[in-house]
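Subject: Structure handover

Hi,

Here is the structure you asked about. My notes follow below it.

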Amino acid sequence: MSTENNAVRIEAKNVNFYYGNHQAIKNMSINFYDNKVTAFIGPSGCGKSTFIRLLNKMNDLVIGTRVEGNIFLDGDDILDKKIDVVKIRRKVGMVFQKPNPFPKTIFQNIAYGLEINGERNKKKIAQTVEESLRKAALWNEVKDRLHDNALKLSGGQQQRLCIARCLAVEPEVILFDEPCASLDPISTTKIEDLILELKKQYTIVIVTHNMQQAARVSDYTAFMYLGELIEFGPTSKVFTVPAEKKTEEYLSGKFG
Amino acid sequence: MKAALPPPPSKVTGGGGEILYSFKERTIKILFTVLAFASLFFLAGIVFVLFKESLPLFSEVKIFHFLFGKHWYPTYDPADFGVLPLILGSVWVTVGALVVCVPLGIGTALYVYELASARQRQILKPVIEILGGIPSIVYGFFGMLIVAPFVQKLFNIPTGLCALTASVVLGIMAIPTVASISEDALSFVPSSFREASFALGANRWQTLIKVIIPAAASGISTSVILGMSRVVGETMTVLMVSGGSAVIPGSFFDSVRPMTSAIAAEMGEAAVGSNHYHALFAIGLILFFITLIFNAAAEMISKKYRVKLGLDR
């Protein structure tokens, strides 16, 4: 499927996921490639967010769930019960729908991820904070007020801070769960530009309700419907000549 | 006020309906306004009485002497109205009670929040509420019959009715206040903070210590202040278990007479209009100010907390 021969970073095989008796993900298999952005689209409740939350084991926090199948990352099976959750989450970072900085200073927000990893060197921490903020295109806006409470920032700045916080722990994969859902158009553009910049270094998976956004930022698009992966392929192809009727109907707004 | 009334709805009720509607509306509004201001009225009345009944004392006893005098001999001739022993009695008992209720209350809150299973939570929370609803006289019994003899034997002291016993019993009484308000504060921390922390690879313990507790810190301090407020104002229990000597305490094994129990014990024997009578009201005034300060502090802290968590936007 990959025409550019990028290495596969994550390989999901026959994944099923249940909330109690309700099956939210049905036999899904999909690959995510290095330095590519893969977008998940589909109507609300189709399982997009549930699926990407499997990739960093966030669904472990939800009681009464069950999962089957395999998701391989660097040879480890993420779904293996014995896997080190902390190790997976450090490799697979996540940016949430609503910006969720901690009620701490801007500096502390980013330093947190380093501190919990046991980093004590103050110089190294300060350096990483700056680097992460630069990568998240936020440094120039906050460099003079690193010790202000992060909640004083605007929504868009908060979201970029969350991205910087995620970058600081040096993940390999970054999951974006509708990162622009609560942002204005200008902030949205900034986040999208950032995603295009970040893909040079990371594997990126993004869930979005906004089909134009998927078209703008992604290399691959996965269309999900009622827990199933209906279509997956290069974005240019999925959006122009979809192979499945359902995909075409969704893209043309027949349901949503 | 008229402008604030909403326009009456369409005239479906027919002739006279509109007038009836606005009459009802107005009556209800006035009724609730009166009810709402009633507590303000009562507060003003209480403050007025406290001042009116305590001020005459200060024409005979200097305020400084009253507050810092070391001897409380209200029935001697000449009488001495130094309230310091009573204030210190309250302070010792309150500090002691904090030592009991802060770790137990916050510990309970942390357990219920973080570790308890849904079932345990279902049992623990109502039990804590019930503990808070037990009448203080029952705590008094418990203190006299169980804690005091135990303390007496354990430390081999002449009487178990002392500051330590009062501290332990009052501390237990204040646990529900501290525990339930702290638990509220913890569960008020948005779950998004938790998710963010986990997503960065933090474990449960790191998340609790470094994210959840700091975010709930102001709410937890509020719970401690309100617990203190409860302890300082508590009367019946201290009257029963603190021993009752109006002497500056030297240790937790000394018998003490906190301010509240002094008022309760002496009001019956003080002749109305006497200096002693006015002095007891003046103690009431001190208590009023202490709890006022505590409550204002709690209010200020919890307001700051809401702003800090971005809940006020």
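Predicted model: local features only at pLDDT ≥ 70, side-chain atom pairs only at ≥ 80, totals over all residues.

Two cysteines show why. Take Cys166(A) to begin with. The closest cysteine sulfur to its own belongs to Cys162(A), and the two are 9.3 Å apart, too far for a bond. A disulfide needs the sulfur atoms within 2.5 Å. Cys166(A) is also buried, at 2% relative accessibility.

Now chain B. Cys162(B) is in no disulfide either. Its nearest cysteine sulfur is that of Cys101(B), 18 Å away. Cys162(B) is buried too, with a relative accessible area of 0%.

Next, the interface. On the chain B side, 20 residues are in contact with 25 residues of chain A. The area buried between the two chains is about 1,900 Å². Carbon and sulfur atoms give 62% of that area.

What about charges and polar pairs? There are two salt bridges between chain B and chain A. One of them joins Glu195(B) to Arg53(A), with the closest N and O atoms 2.8 Å apart. Six residue pairs are in polar contact across the two chains, both residues at pLDDT 80 or more.

Which helix gives the largest share of the side of chain B that touches chain A? That is α7(B), with seven residues. Both α7 (191-199) and α8 (204-233) of chain B supply at least two residues each to that side. By type, the residues there divide into 10 nonpolar, six polar and four charged.

Best wishes

Conventions: Residues numbered from 1 in each chain as written. Chains lettered and ligands numbered in written order. Heavy atoms only, no water. Contact = heavy atoms within 4.5 Å. Buried area = accessible area lost by both parts, 1.4 Å probe. Salt bridge = Lys/Arg side-chain N within 4 Å of Asp/Glu carboxyl O. Polar contact = N/O pair within 3.5 Å; in protein donor to acceptor, adjacent residues only side chain to side chain. Helix = DSSP H or I, 4+ residues; strand = E, 2+ residues; numbered from the N terminus. Nonpolar A, V, L, I, M, F, W, Y, C, P; charged D, E, K, R; others polar. Buried < 20%, exposed > 50% of the residue type's maximum accessible area, 1.4 Å probe, protein only.
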